[in-house]
Amino acid sequence: MRDHPRRGARSRAAALTACTLTAVLVATGATPAYAAADDTEPPTAPGPITVAAIDTTWVELTWAASTDNVGVVRYPVSAQFEDNGLTWSTDTNSIRITGLRPSRTYTFFVSALDAAGNGSPSNPSLRLTMPPGDDQPPGAPGQPVAFDVTATAVRLRWAHSLENAALERYEVFRVDAGGALTLVRDVSQYPPVNSATINGLAPNTTYTFVVRARDEVGLLSALSAPVTVTTLPPPPSCAVRSIVGQWPDAFVARLAVTNTGPTAIDGWTMRWRFYAGQQLRSLWGAEVVDRDSSYLRVRNVRHNKLIPPGGTVLVGLVATGTQLPEEITLNGGLCTVADE
């Protein structure tokens, strides 16, 4: 059946009207896009920040809204605590910020952005100390253990203090004659680690150390049990004659270590370059203390503990790899090395 001519004309007219309507609607909806693109005027700075509500770990902030010739779409919010920065964003002139820490002091900043990306100046910052959330001091740290003792330094480690909120730092004290405390290390990185290196000590000297914990509110723990340690004598003067036999993927080395100083060495530790990929197949004249990715450390055995002035001890090893012993130290003193 064929359409009636008048009916077809009416259908074409309706379709034309719909197309015209669609075109008008599209053109009308597109206005904000090109208006935003042409907008170069930034919003005004938001009003001063005020605290609407606060608890130990969250705060609700508000401020007077910015004004803009087109419209503000977003408020970037930031906070600074010491060297750490935090950022948030909101499309209203208030925000609730969670996950903060009791007793910390934060500085807050707010600015405004419009649809074209124009940013306002920041409003006056707000420096705010959170309420304390803790009235219980931390427990005493564990008794320190001394390791890596040299003539002028010692490393200490201890069991962490038990704390119901959050620790801020550990303080390491030297116990002087008469029981007076002198602060020698402040382990203040966050979260605090339970170890510290104490440098600047005198050789062949006995020291006593204790550790104390401080939480974020400023409450202090009791002192740990003390540890007493004696630093090593001054590093000896030493010379090493290295006798090496080598093949493509391994070597044998005989190290003749001579005390070239004026005093006897009573007990010794040697260290030399030894990479992670190498394997120690055999060792004689010494026993392994430890190794890391770069060095192997050994110590005397019973029969060669004492090295008198001018005396020599022999250490031998078989190992894989092509890295021969070098950077050899004896009790922390660098030895001169001569190959044969």
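**Salt bridge notes**

I started with Asp290, which is partly exposed at 35% relative accessibility. My cut-offs, from a 1.4 Å probe on protein chains only: buried is under 20% relative accessible area, exposed is over 50%, and partly exposed is in between.

A note on the source: this is a predicted model, so local features need pLDDT of at least 70, side-chain atom pairs count only at pLDDT 80 or more, and totals for chains, interfaces and linings use all residues. Residues are numbered from 1 along each chain as its sequence is written, and side-chain values use heavy atoms, with hydrogens and water left out.

Next I looked up the partner of Asp290: a salt bridge ties Asp290 to Arg297, with 2.6 Å between the closest N and O atoms. (A salt bridge means a side-chain nitrogen of Lys or Arg within 4 Å of a carboxyl oxygen of Asp or Glu.) Arg297 is partly exposed too, at 21%. Shared partners then join Asp148, Arg155, Asp290 and Arg297 into one network of salt bridges.

Then I checked Arg299, and found a salt bridge to Glu287 with the closest N and O atoms 2.9 Å apart. This pair links distant parts of the chain, 12 residues apart: Arg299 sits in strand 22 (residues 295-299) and Glu287 in strand 21 (residues 287-291). Strands here are DSSP runs of E, at least two residues, numbered from the N terminus. Arg299 is partly exposed at 39%, and Glu287 is partly exposed at 35%.

Last pair: Arg174 and Asp176 form a salt bridge at 2.7 Å, N to O. I get 25% for Arg174, partly exposed, and 24% for Asp176, also partly exposed.

How many salt bridges does a search of the whole structure find? I wrote down 12.

Methods
Helix = DSSP H or I, 4+ residues; strand = E, 2+ residues; numbered from the N terminus.
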